[in-house]
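Hi,

Here's the structure I said I'd pass on to you.

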Amino acid sequence: MHVNWQKTTLIVLDLALGGYLVAAFTAFNKPDETARVCTKTSINIQDEATNGFINAQEIKARLERSRLYPLAKPMRFVNARGIEETLKESPFVKTAECYKTENGHVNINITQRMPIVRIKADNGDDYYIDDNNCVMPNSHYTSDLIIATGHISKWFAKNYISYLSSALMADDLWRNQIEQINVLPDYGIELVPRVGEHIIYIGALPETKYKSERGKLVSDFVRKKMTRLEKFYKYGLSQAGWNLYSYINLEFDNQIICRRRSQPTE
């Protein structure tokens with residue numbers, strides 16, 4: 001068998017030259033990270049105006065305490081993964097993403113946990129429940145949330161009050177009308193409205209040991225009770241007067257029991 005060594009040598013040289021050119025162009029086009037520093041750090045917080053638990057200044061301070069704030073650092077020393085993990089340790093951060101760009105910028109994107117109700121229990125507990133039915137610590141948060149008071153353990157708050165609050169907040173009328181939930185010692189539920197000097201009693205929430213069914217069960221219960229209340233508001237209180245009754249009992253499906261105020265207020 002005859003081997004054309006000249007042809008083989010040319011092919012090898014061509015391959016070597018091709019590999020060299022690819023490596024050279026890649027090295028030329030890729031910025032040298034060792035020579036760059038971070039010239040800009042952007043902190044973007046989703047729903048910062050509405051949630052209000054954290055702001056860019058607090059995020060910056062948290063990273064500075066951990067010696068992770070990237071501005072003016074060499075890009076090769078900017079620890080994107082460390083920044084993400086540190087920010088996720090905050091009880092108010094839902095997600096954190098950090099990435100570097102080739103022009104020396106570091107972008108940090110954060111989403112906040114969304115509170116749906118504030119718990120101020122009669123045992124002294126004061127905290128929030130978020131939209132994932134998890135406890136959030138008390139803070140300077142000032143948004144207009146429903147407040148739940150009374151006989152509330154953390155288990156009951158996470159497994160029942162959270163679903164009750166979500167059902168009320170999902171309806172425009174009740175989100176604006178109901179300002180307080182009060183849980184009685186027998187777990188009966190009272191609602192305090194913004195308009196009208198009366199208390200609304202809806203009875204005890206339906207119970208189930210199956211967590212997957214609990215949300216729908218409570219939501220259907222609340223929708224049924226509040227639909228009856230809306231009709232009573234429209235056809236009853238609008239005619240009789242908003243301050244005629246001090247207590248409106250919706251516990252029973254076939255009747256609404258009202259306690260008349262002894263001296264109606266104007």
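Below are my notes on helix contacts, salt bridges and one tyrosine.

Some ground rules before we start. This is a predicted model, where local features need pLDDT of at least 70 and side-chain atom pairs count only at pLDDT 80 or more, while totals for chains, interfaces and linings use all residues. Residues are numbered from 1 along each chain as its sequence is written, and side-chain values use heavy atoms, with hydrogens and water left out.

Let's begin with helices H5 (residues 154-169) and H7 (residues 211-240). (Helices are DSSP runs of H or I with at least four residues, strands are runs of E with at least two, and both are numbered from the N terminus.) The axes of H5 and H7 come within 9 Å and cross at roughly 45°. An axis here is a line fitted to C-alpha atoms, for helices over the stretch in contact, and angles run from 0 to 180 degrees between N-to-C directions. H5 and H7 are therefore oblique to each other; under 35 degrees would count as roughly parallel, over 145 as roughly antiparallel, 65 to 115 as roughly perpendicular, and the rest is oblique.

Which residues of H5 meet H7? On the H5 side they are Asn159, Tyr160, Tyr163, Leu164, Ala167 and Leu168. Their partners in H7 are Lys211, Arg214, Gly215, Val218, Ser219, Val222 and Met226. (Contact means heavy atoms within 4.5 Å.) Sorted by class, the contact of H5 with H7 has eight nonpolar, three polar and two charged residues. Nonpolar covers Ala, Val, Leu, Ile, Met, Phe, Trp, Tyr, Cys and Pro; charged covers Asp, Glu, Lys and Arg; the others, Gly among them, are polar.

Next, salt bridges: a side-chain nitrogen of Lys or Arg within 4 Å of a carboxyl oxygen of Asp or Glu. By that rule the count is seven. One of them joins aspartate 130 to arginine 113, with the closest N and O atoms 2.8 Å apart. Aspartate 130 sits in strand S5 (residues 126-130) and arginine 113 in the loop between strands S3 (105-112) and S4 (115-121), so the pair ties together parts that are 17 residues apart in sequence. Are these two residues buried or exposed? Aspartate 130 is buried at 2% relative accessible area, and arginine 113 is buried at 14%. (Buried is under 20%, exposed is over 50%, and partly exposed is in between, with a 1.4 Å probe and protein chains only.)

Another salt bridge links lysine 224 with aspartate 253, at 3.3 Å between the closest N and O atoms. This pair connects distant parts of the chain, 29 residues apart: lysine 224 is in H7, and aspartate 253 is in the loop between strands S11 (245-249) and S12 (257-260). Lysine 224 is partly exposed at 47%, as is aspartate 253 at 48%.

Within helix H6 (residues 172-177), aspartate 172 and arginine 175 are three residues apart, about one helical turn. Their side chains meet in a salt bridge of 2.4 Å, N to O. There is also a salt-bridge network linking Lys216, Asp220 and Arg223.

Last, find tyrosine 69, in the loop between helices H3 (56-65) and H4 (80-88). Tyrosine 69 is buried, at 16% relative accessible area. Leaving aside residues up to four places away in sequence, tyrosine 69 touches Thr41, Ile43, Lys60, Leu63 and Glu64.

Cheers
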